[in-house]
Amino acid sequence: MSTGTYAPKPGAAPVGRMIAAQAALETRMLLRNGEQLLLTVIIPSLLLVLFSTVDIVTVPVSTTGGSGKAVDFLAPGVLALAVLSTAFTGQAIATGFERRYGVLKRLGASPLPRWALMTAKTLAVLVTEVLQIALLTAIALGLGWSPQGDPGSVLLLLVLGTAAFSGLGLLMAGTLRAEATLAAANLVFLLLLVGGGVIVPLEKFPDAARSVLELLPISALSDGLRAVLQDGAALPWGDALTLAVWAVLGLGAAAKFFRWE
């Protein structure tokens, strides 16, 4: 009886497999976190239902499409809020505390490259956003939403918005202390909820304030989605360009200034 020859090959798994495994882990961690679910799912859903069914804020209706209901104005803004909550607020807080507890430092010393770790985090954000958008779309349709426009334009705006908010979230998480990130990320979320055209139309603000608010990424995303989904317009290039600029600036600054420990 002959014995076999065994030739172990120790080494790291292929990068693609490592990214997929890390992305799956990041997604499970996001979905199991009660605070994250409150921020990313429950709050946007409650805002959509509340402001669509109760006449609290007077919202403009489209003259070119839609059913004329408040949900036609609110649904695109809440979709933008969902992207903000996951790509910016949730990611900033989670990454900030991972950095504080040394998780990022340990992962950085593993066979998983640092760029692959950031890729996995981005994939986890995208998966979470898909689930968010599916749920919010179902709720909005149940409230009588009549979406218009080209799905391709909507997808491009969502991707650009995700890139912009991810860059800003990682920049905050990689430069501030975890406690400061927690406070700042939640504060920014609340401020942009009120002043980003999500629930309250920008037309309600004074001209001077409005000219500044229109430059924010949340305003560009909510207005761009509203132009397509409510008015049935083609891709709003101005809003898309604003999001692209924020994405380049945010991701570039995060890549340069992010501290792993």
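Reader: Why are H3 and H9 called oblique to each other?

Author: This is a predicted model, where local features need pLDDT of at least 70, side-chain atom pairs count only at pLDDT 80 or more, and totals for chains, interfaces and linings use all residues. Residues are numbered from 1 along each chain as its sequence is written, and side-chain values use heavy atoms, leaving out hydrogens and water. Now the angle: the axes of helix H3 (residues 70-100) and helix H9 (residues 217-229) cross at roughly 140°. Angles under 35 degrees count as roughly parallel, over 145 as roughly antiparallel, 65 to 115 as roughly perpendicular and the rest as oblique, so H3 and H9 are oblique.

Reader: What makes residues of H3 and H9 count as meeting?

Author: Contact means heavy atoms within 4.5 Å. Phe73, Leu84 and others in H3 meet a set in H9 including Ile218 and Arg226.

Reader: How do you know which residues line the largest pocket?

Author: A pocket is an open set of points on a 1 Å grid, where a 1.4 Å probe fits, with protein on both sides within 12 Å along at least five of seven lines; lining residues have an atom within 4 Å of a point. For the largest pocket that gives 23 residues, with Asn33, Glu35, Gln36, Ile93 and Ala94 nearest its centre. H3 gives the most to this lining, with seven residues.

Reader: And which helix gives the most to the lining of the second largest pocket?

Author: That's H6, with six residues.

Notes. Axes fitted to C-alpha atoms, helices over the stretch in contact; angles between N-to-C directions. Helix = DSSP H or I, 4+ residues; strand = E, 2+ residues; numbered from the N terminus.
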